[in-house]
Every structure is written in C-alpha cells, then in structure tokens.
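Dear colleague,

Please find the structure below, handed over for your files. My notes on what was found in it follow directly after.

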Amino acid sequence: MDIVNRLVEQRPLVIFSRSSCCISHSVMQLINSYGANATIYQLDDMSNGQEVDKALQRLGLKPSIPAVFIGQRLVVGAKEIISL
C-alpha cells in the first residue's frame with residue numbers, strides 16, 4: 001500500500017495500467033479526450049510492477065488494472081470511470 005501511496009503522492013491524476021490491456025487503453029483515451037494529463041504507470045514496464053499490482057489488489061481491485069486515482073483517492077476501475 002505504501003508503494004501505491006508514494007506513486008500517487010503529489011499527482012492530481014494517476015492511472016495504473018498494462019501496455020497489453022485494451023480496457024486500460026480505452027480508459028486512458030477517455031480521460032485524455034477531456035484534456036486531462038494523467039501520470040501513467042505501465043506495470044509491465046516497471047521493475048516493481050508485480051509489487052504494485054499486489055498492492056492494488058490489497059486495495060480490493062480485482063482485476064487490479066486499470067486503477068485510477070484522482071486527487072490521491074482511488075476512483076476504482078474502468079466500469080466506474082466510464083459511468084462517470
């Protein structure tokens with residue numbers, strides 16, 4: 001959990017994703033279409049990606065990606081973002 005907190009700290013919008021995940025790509029495109037500039041963390045490109053993935057799962061995310069944080073608060077995943 002601390003690892004996720006450090007990554008979202010001081011960033012207004014953070015998306016955790018995997019480069020091969022089409023749902024993550026859709027969420028990122030949707031958010032970008034509104035002009036938001038998100039910090040994107042591709043778990044498969046991170047040396048500690050598995051650790052981050054496990055921390056996201058401990059937050060109750062299943063599947064763990066995409067995970068969206070706005071203002072350091074977890075908004076949850078794709079279904080919730082699209083419904084907003």
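In this predicted model, the number of disulfides is zero. Cysteine 21 takes part in no disulfide, and the nearest cysteine sulfur, that of cysteine 22, is 5.8 Å away.

Cysteine 21 has a relative accessible area of 17% and is buried, whereas cysteine 22 has a relative accessibility of 60% and counts as exposed.

The second topic is helix α3, which covers residues 49-58. Its buried residues are Gly49, Val52, Asp53, Ala55 and Leu56. Viewed down the axis of α3, these buried residues fall within an arc of 160 degrees, and they therefore line one face of the helix. On the face turned away from this buried side, α3 carries the exposed residues Gln50, Lys54 and Arg58.

What, then, covers the buried residues of α3? The covering elements include helix α1 (2-8) and the strands β1 (13-17) and β3 (67-70). After α3 comes glycine 60, which has a positive phi, near 100 degrees.

With kind regards

Key. Residues are numbered from 1 along each chain as its sequence is written. This is a predicted model: local features need pLDDT of at least 70, side-chain atom pairs count only at pLDDT 80 or more; totals for chains, interfaces and linings use all residues. Side-chain values use heavy atoms; hydrogens and water are left out. A disulfide is a pair of cysteine sulfur atoms within 2.5 Å. Buried means under 20% relative accessible area, exposed over 50%, partly exposed in between (1.4 Å probe, protein chains only). Helices (H or I, at least four residues) and strands (E, at least two) are DSSP runs, numbered from the N terminus. The arc is that of the directions from the helix axis to the C-beta atoms. Contact means heavy atoms within 4.5 Å.
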